[in-house]
Amino acid sequence: LQTGEIAKALLASCRQGIEEERELTLLRPDRSWLHARVRTLPILDESGGYGGACLLVADITDQKRAEEALDWQRDCTQRILASMPDAVFVVSAEALILACNAAALRMLGRGREELIGQPLIGLFAPTSAPRPELADLAGLLAGDGVRDCDARLAKKDGSELPVSLSSMALSPGQGEAPGVILVARDISDRQRSEELRKKYAEEMEQEVAEQTRRIRAAEEKYRRLFNHVDHALFVLDPGGAVVSLNPPAQRLLLLPEEKAVGRALCRGICNRDECQAFSQLLADATAIGPTTRECAIQDAEGRERFLSLTMSALRGTDGGLEGLLCGVTDLSERERLEAEVRRARDYVEIILKSSTDYGQMVGSGEAHQALSRFIRQVADAPSSILVLGESGTGKELVARTIHQNGARSTKPFVLVDCAALH
């Protein structure tokens, strides 16, 4: 025996006629330990007195190891439950709470004595009744439980806690009633994120709708501008073919829109398949930026027309070329009017020169007389003459008068706009 005192106590009980049972640890000859249950039975002689003892020894080593493993497993389970962030409830077949972990107490702000033995239905907030499968515990025990069921639990302070519930039926041992493990996960942060996401989605939807409305309004505005502007406007693809055009452009080409679309603009304007000037205009507009060219062409009816073409590139958000916008102005009327103005100006100069030595200059003041003397002095000079003065004071008129009074009055008087020189 491991302890001699225990043996003496067992024998002493036998002498007194008392049966006794104890669990002992015995040492085998190979120095290994044996867990045993020892029961002592007194043996009486013929006279009824103590005649000896019978010791019944049962090997319970495996039982002890199983109990130790079970205790270790139970301790691990308790530690896992204590460390879990989710609330865990053990519910009986009568839908009463049998146990819960520390997270459940923290979530609900209640003490253990306030939950143990209480009905499961009391966990739920009045505004959020449990789903039928949770309320029907018998159905839970017979089925596979529920997973990710949203509900709201009632906290001690009266507030509500949104949770996601999952359950699983417990497999009862022999003679034990079935039960359910219910796990509640706090989804407050997730719910707030979903609300924010929903709010953001609604705001984005409203913003998209507003932007769409603005885009459509802008498209309608530019469509009206495109169709009602007096100048001929063409939208071209990168190769120079017509994509769309406004009514003045249709009148310029003498073609309706359905026949002009897809046709090379060079063909429609210059009446030929290839035009070096038009190709150069396309290249400059693509490489440099907005470019303007003036040219004289013959239209489909054989008439000579003077046109001004302004072309600019249309680029996408990535900077790639998507097309070109070309504005065409018919300068034929302008050329005709300018020719008439030149003829009228020449006629006026002839009249004024024949009536006065100083052409269009008329006056009798001292300043006028001084200027007239200056003009007589420099009119025949072969050198360049610089005339200074504020804008609008008549510098061009003085220069023209000097020319009319000089030796070159019969030659052309050429005006050059220095600001227009490149």
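This is a predicted model: local features need pLDDT of at least 70, side-chain atom pairs count only at pLDDT 80 or more; totals for chains, interfaces and linings use all residues.
Residues are numbered from 1 along each chain as its sequence is written, and side-chain values use heavy atoms, without hydrogens or water. Local features need pLDDT of at least 70, side-chain atom pairs count only at pLDDT 80 or more, and totals for chains, interfaces and linings use all residues.

**Asn246.** Asn246 sits in the loop between strand 10 (242-245) and helix 8 (247-253). Helices (H or I, at least four residues) and strands (E, at least two) are DSSP runs, numbered from the N terminus. Asn246 is buried, at 0% relative accessible area; buried means under 20%, with a 1.4 Å probe and protein chains only. A polar atom of its side chain lies 2.9 Å from the backbone nitrogen of Leu233.

Strand 1 and strand 2 run antiparallel and are joined by 8 bridges. Strands pair if DSSP finds at least two bridges between them. Thr25 has His35 in strand 2 as its bridge partner. The hairpin has 5 residues between its strands, and Arg31 in the turn has a positive phi of about 70°.

**Helix pair.** The axes of helix 13 and helix 14 come within 9 Å and cross at roughly 45°. Axes are lines fitted to C-alpha atoms over the stretch in contact, with angles from 0 to 180 degrees between N-to-C directions. The table lists the residues that make the contact (heavy atoms within 4.5 Å).

| Helix | Contact residues |
|---|---|
| Helix 13 | Leu371, Phe374, Ile375, Val378 |
| Helix 14 | Val398, Thr401, Ile402, Asn405 |

Terms used. Buried means under 20% relative accessible area, exposed over 50%, partly exposed in between (1.4 Å probe, protein chains only). A polar contact is a pair of N or O atoms within 3.5 Å; within protein, one must be able to donate a hydrogen and the other to accept it, and residues adjacent in sequence count only if both atoms are side-chain atoms.
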